[in-house]
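User: Hi, I'm new to reading structures, and I'd like to go through this one slowly. Could you help me with the terms as we go?
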Amino acid sequence: MAVIEVEAIGRSYRARTGITRKAAKEVEAVRGVTFHVEAGELFGLLGPNGAGKTTTIKMLITLLLPTSGSARVLGHDVVAEARQVRRRVG
């Protein structure tokens, strides 16, 4: 049984650039990440600064909503069943 299932999860947000002429642009913090972690498996999330590691973890613990894809933690969807995920994640 997979304790974490992530399928093509993504997160994007709008950012403003410029000092005098503010322009909005879409920034992809996480794009199409997929992985599974089985019970008893040791898993590491590695990457350079700005790779989206923290954003991915925040989506898994329901602090951020993914803008695409899906994720399940201990069998519960992180969007539809956020309360159950929070109860089980410490």
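Analyst: Let us begin with a term: a residue is called buried if its relative accessible area is under 20%, exposed if it is over 50%, and partly exposed in between, using a 1.4 Å probe and protein chains only. Leu60 is buried, because its relative accessible area is 7%.

User: Okay, and what kind of model is this?
Analyst: This is a predicted model, in which local features need pLDDT of at least 70 and side-chain atom pairs count only at pLDDT 80 or more, while totals for chains, interfaces and linings use all residues. Residues are numbered from 1 along each chain as its sequence is written, and side-chain values use heavy atoms, with hydrogens and water left out.

User: How many helices and strands are there in the protein chain?
Analyst: The protein chain has two helices and four strands, where helices (H or I, at least four residues) and strands (E, at least two) are DSSP runs numbered from the N terminus. If you follow the sequence, the pattern reads β-β-α-β-β-α.

User: What does the C-alpha trace span, and how much of the chain is buried?
Analyst: The C-alpha trace spans about 50 × 30 × 20 Å along its principal axes, and buried residues account for 27% of the 90 residues in the protein chain.

User: Back to Leu60, where does it lie?
Analyst: Leu60 lies in helix 1, and between its C-alpha and that of Met1 there are 17 Å in space, although the two residues are 59 apart in sequence.

User: Which residues form the aromatic pair?
Analyst: Rings of Phe, Tyr and Trp (its six-membered ring) pair if their centres lie within 6.5 Å, and planes under 30 degrees apart count as stacked, over 60 as edge-to-face and the rest as tilted. By this rule there is one aromatic pair. Phe35 and Phe43 form this stacked pair, with 4.8 Å from centre to centre and 15° between the planes.

User: Are those two buried or exposed?
Analyst: Phe35 counts as buried because its relative accessibility is 11%, whereas Phe43, at 38%, counts as partly exposed.

User: Which surface patch is Phe43 in?
Analyst: Phe43 belongs to a nonpolar surface patch together with Leu45, Ile57, Ile61, Leu63 and Val89, and their accessible area comes to about 470 Å². Such areas come from the Shrake-Rupley method with a 1.4 Å probe, and for residues only the protein chains shown count as cover. Patches are made of residues with over 30% relative accessible area and no salt bridge, with like charges joined within 9 Å and nonpolar side chains (Val, Leu, Ile, Met, Phe, Trp, Tyr) within 5 Å.

User: You mentioned salt bridges; how many are found in the whole structure?
Analyst: A salt bridge is a side-chain nitrogen of Lys or Arg within 4 Å of a carboxyl oxygen of Asp or Glu, and the search of the whole structure finds one. It joins the side chains of Glu28 and Arg31, at 3.0 Å from N to O. Glu28 counts as partly exposed because its relative accessibility is 49%, while Arg31 counts as exposed at 65%.

User: And which residues gather in the patch of positive charge?
Analyst: Arg83, Arg86, Arg87 and Arg88 gather in that patch on the surface. Lys and Arg count as positive and Asp and Glu as negative, while His and the chain ends are not counted, and a charge is placed at NZ of Lys, CZ of Arg, CG of Asp or CD of Glu. Arg88 is in helix 2, residues 82–88, and is partly exposed because its relative accessible area is 49%. From Arg88 to His76 there are twelve residues in sequence and 9.7 Å in space, C-alpha to C-alpha. His76 is in strand 4 (residues 76–77) and counts as buried because its relative accessibility is 15%.

User: Last topic: what is the phi of Ala8 and of Thr62?
Analyst: Ala8, in strand 1 (residues 2–17), has a phi near 50°, which is a positive value in a residue other than glycine. Thr62, which is not a glycine either, has a positive phi of about 70°, and Thr62 is found in the loop between helix 1 and strand 3 (68–73). Ala8 is partly exposed because its relative accessibility is 41%, whereas Thr62 is buried, with a relative accessible area of 7%.
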